[in-house]
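Open the model in your viewer and keep the selection tool at hand. We will go stop by stop.

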Amino acid sequence: METLWFALVAIMITAYVILDGFDLGAGILHLVIARTDEERRTVIRTIGPVWDGNEVFLLAGGGTLFFAFPALYAASFSGFYLPLCIVLWLLIGRAIGIEFRHHVDSRVWTDFFDGCFCISSALLAIFFGAALGNIVRGVAINKDGTFFAPLWTSWRVDNDPGILDWYTVIAGLVALVALAMHGALYVAVKTEGTLNRRARKSAALLWPVLIVITIASLLGTLSVRPQILDNYRNHPIALIIPVLVISALTGMAAFSRKGNDLRAFLSSCLYLGTMLVGAAFGLYPNVMPARNDPANSLTIYNTASGHHGLAYGLIWWGIGMALAIAYFVIVYRMFRGKVTADASGYGH
Amino acid sequence: MDDALFIHRLHFAFTITFHYLFPQLTMGLAPLIVVLKTIAIRRNDDRYNQAARFWAKIFAINFVLGVVTGIPMEFQFGTNWAQFSKLTGGVIGQPLMAEGIYSFFLESAFLGLFLFGEQRLSKWAHWGSAFMVFLGSWLSGYFIIVTDAWMQHPVGYTRAADGSFQVASFWEILTNPWALLQYSHNMSGAVITGSFVMAAVGAFYLLERKHEEQARIFVRVGVVAGVIFSCIQVFPTGDLHGKYMAKHQPATTAAMEGLWKTERGAGLTIMGQPDVEKQRIDNPLVVNKMLSFLIYGTTVAEVQGLDKVPKEDWPTNIPLLYYSYHVMAGLGTAFIGIMVVATFLLWRKKLFASRWMLWILMLALPFPYIANTAGWMTAEIGRQPWLVYGLLRTQHGFSANVSAGNGLFTLIGFMGMYTVLAILFLFLISRVIARGPVLEESIAKGTPVSAV
């Protein structure tokens with residue numbers, strides 16, 4: 001039962017990264033690929049009707065984590081207190097960047113909110129990557145299962161690391177580059193003309209960087225947490241995950257060059273999905289490893305809710321998610337196809 | 001300022017109070033927008049569609065603010081109240097997760113359709129998307145109230161060996177009588193905010209002699225909804241909620257009413273200042289025997305005072321609780337007065353010419369916000385010193401690993417951030433109101449809307 005919920009939480013977080021990832025990616029590249037006001041409006045229109053629903057995956061994933069693993073939710077949210085509050089402020093900056101720029105027809109106003117959108121998106125990507133880096137690397141956990149991680153300590157990976165050290169900074173950069181790539185491919189799918197061309201060009205430029213940084217992060221992971229290989233040794237079938245990562249990386253570049261934007265974007269979805277699933281698989285059954293004393297690690301077993309609740313939750317979680325997927329299908333069908341500058345209906 | 005418990009309480013109080021300024025209007029406006037859309041279709045009258053579009057704009061700005069200030073609320077259970085989350089997550093995690101997957105997905109998906117899809121959808125499909133937004137926002141309210149009601153009146157749980165709370169019956173938690181009472185009282189309060197705001201904007205236009213045709217629609221819908229829900233707010237919802245509270249949280253009721261000594265035929269204190277040290281109300285204005293009558297339906301019933309409750313179980317801030325309750329109840333009564341008079345004038349077809357009444361409707365705008373806020377303060381301060389009533393004390397629930405200094409850092413950050421949000425909100429809303437609902441005609445003719 002715990003394992004099942006571990007998988008469900010992992011799926012929700014993966015869905016969040018893939019879906020909101022392209023909103024963030026579009027934001028990171030916003031100032032680069034969209035130069036005129038008309039282009040910027042078009043980029044925002046590509047995500048306008050969907051970004052809010054995508055962000056709900058963060059909330060729903062958080063709620064699912066709270067319900068299934070309350071002790072993990074409590075320990076990690078209070079332990080990562082400062083970066084989480086900063087993430088909340090950045091989410092505010094991102095949201096008002098998207099939603100408020102249209103309201104006033106003034107250069108200063110729109111530039112300000114474009115800046116808000118771009119900077120918040122980039123920093124959010126870095127923070128989310130660093131967050132995952134922290135979980136893989138582990139933190140110093142007290143005997144009672146609590147911890148409080150400072151923003152940084154010595155920048156080294158030792159037994160009492162801060163939130164930012166060389167490893168988590170690399171993880172943050174992986175997220176920044178990967179989501180920028182993801183966003184570029186998404187914008188390419190949803191636009192035509194100059195924007196489409198610039199988006200493809202950014203993707204082509206980002207691709208080698210993504211390869212290098214992905215390799216760097218894998219090497220870094222092996223050095224800070226060699227135990228991550230244990231699960232792979234015991235279940236060699238999982239080696240399909242790195243194979244999929246490599247084919248996804250190849251697919252992104254190959255399809256984008258051929259002009260098949262949709263497949264390139266789907267490859268990027270596969271890349272993000274397999275990277276996250278690969279990390280989750282390597283960690284299992286740990287959910288927050290302790291660097292100081294492995295006995296203090298938080299696992300799915302010592303943080304889960306009671307079985308009765310987990311079993312019942314499964315039923316209505318399933319119904320709720322089936323409904324949610326149905327809404328997503330309706331919305332994405334409704335807004336399918338290319339977005340052009342003069343399309344009507346950004347109705348504020 | 002170095003007391004971590006105090007900082008964490010202030011942190012939550014500040015962020016939740018600011019947050020709830022927005023959902024109360026979205027939840028209140030959502031059904032009114034459905035009403036406007038319904039009339040538009042049934043009478044085939046496009047003026048009502050225009051009105052719905054105008055209110056959808058105000059709704060959308062509010063919604064953004066509600067979302068961005070709402071996400072911190074879900075995070076804060078973990079960041080600032082870790083011990084509480086760890087112990088109770090097995091129970092309240094359920095409604096909070098349900099809120100995410102049942103209402104937020106619904107709300108966000110259909111709000112996209114509602115705001116962006118008017119030209120792409122048939123009129124009934126567009127009506128449907130408005131209805132789904134209404135349903136999503138009201139479901140969300142329900143799950144949150146279920147969470148709060150469980151803290152006020154815990155049901156359907158068991159305690160595990162490690163002291164944590166686990167679900168025994170999710171159905172019992174969902175149908176907690178406290179939740180049903182609190183929900184009806186709260187949602188009616190939200191509609192009061194929605195209808196007073198709608199009437200106030202209409203009254204403003206009528207006083208300015210602008211957009212008068214639309215303004216009359218706003219005032220009419222606002223006043224009719226306002227009179228209905230102002231009455232429901234007091235009776236039956238407020239009345240039943242108060243009686244249930246007197247039964248299950250007698251200490252809260254006693255402190256709210258400023259009743260220090262247990263009395264037969266207790267009087268209702270209308271005004272006066274509580275003096276906690278001397279245990280009395282200064283300058284009291286009392287209606288004899290009224291409190292006994294309101295709670296038990298008879299003037300001779302005994303009402304329990306604070307003297308029956310051990311001092312360590314007294315609410316921690318009695319004066320603030322007393323004032324919150326009295327402000328809420330006083331304003332609620334005033335709302336009935338305002339709306340009954342307005343309805344009478346509307347019925348006599350004199351309202352739109354009665355400028356004095358339009359002035360009152362316009363100036364009444366902030367008061368439902370104050371009343372709703374005061375109501376929530378009554379509920380939450382009244383629950384003290386407990387997080388989970390009778391079972392878990394507030395002092396045992398906060399994140400002991402987050403120091404007062406770190407808490408103050410983020411509290412100041414939120415205060416700064418929310419100040420910016422408040423300024424942006426007021427600026428944008430006043431622009432929408434200044435431009436008025438008539439601009440919408442240009443959209444119908446196909447003029448680009450991007451500059452709006």
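The tour below starts where two chains meet and then visits single elements.

This is a predicted model, in which local features need pLDDT of at least 70 and side-chain atom pairs count only at pLDDT 80 or more, while totals for chains, interfaces and linings use all residues. Residues are numbered from 1 along each chain as its sequence is written, and chains are lettered from A and ligands numbered from 1 in the order in which they are written.

**Stop 1: chains A and B**

Select both chains. Their contact takes 62 residues from chain A and 58 residues from chain B. Two residues are in contact if their C-beta atoms, placed from the backbone, lie within 7 Å. On the chain A side, H3, H4 (70-79), H5 (81-100) and H13 (307-334) each give two or more residues. Helices here are DSSP runs (H or I) of at least four residues, numbered from the N terminus. H13(A) gives the most, with 14 residues. This side of chain A divides into 37 nonpolar, 20 polar and 5 charged residues. Ala, Val, Leu, Ile, Met, Phe, Trp, Tyr, Cys and Pro count as nonpolar, Asp, Glu, Lys and Arg as charged, and the others, Gly among them, as polar.

**Stop 2: a helix pair across the chains**

**Stop 3: a helix pair inside chain B**

Now select H11 (318-347) and H12 (355-363) of chain B. Their axes come within 11 Å and cross at roughly 140°. Zoom in on B:Ile338, B:Val341, B:Ala342 and B:Leu345 in H11(B), which meet B:Met357, B:Ile360 and B:Leu361 in H12(B). By class, this contact has 7 nonpolar, no polar and no charged residues.

**Stop 4: H13 of chain B**

Select residues 366-383 of chain B. Which residues of H13(B) are buried? Among them are B:Pro368, B:Trp376, B:Met377 and B:Arg383. Buried means that 20 or more other C-beta atoms lie within 10 Å of a residue's own, and exposed means 12 or fewer, with C-beta atoms placed from the backbone.

**Stop 5: a loop in chain A**

Finish at A:Arg156, in the loop between H6 (107-137) and H7 (166-190) of chain A. A:Arg156 is exposed, with 11 other C-beta atoms within 10 Å. Draw a distance to A:Leu185: the two C-alpha atoms are separated by 35 Å.

How values were computed: Expected span 1.5 Å × (residues − 1). Axes fitted to C-alpha atoms, helices over the stretch in contact; angles between N-to-C directions.
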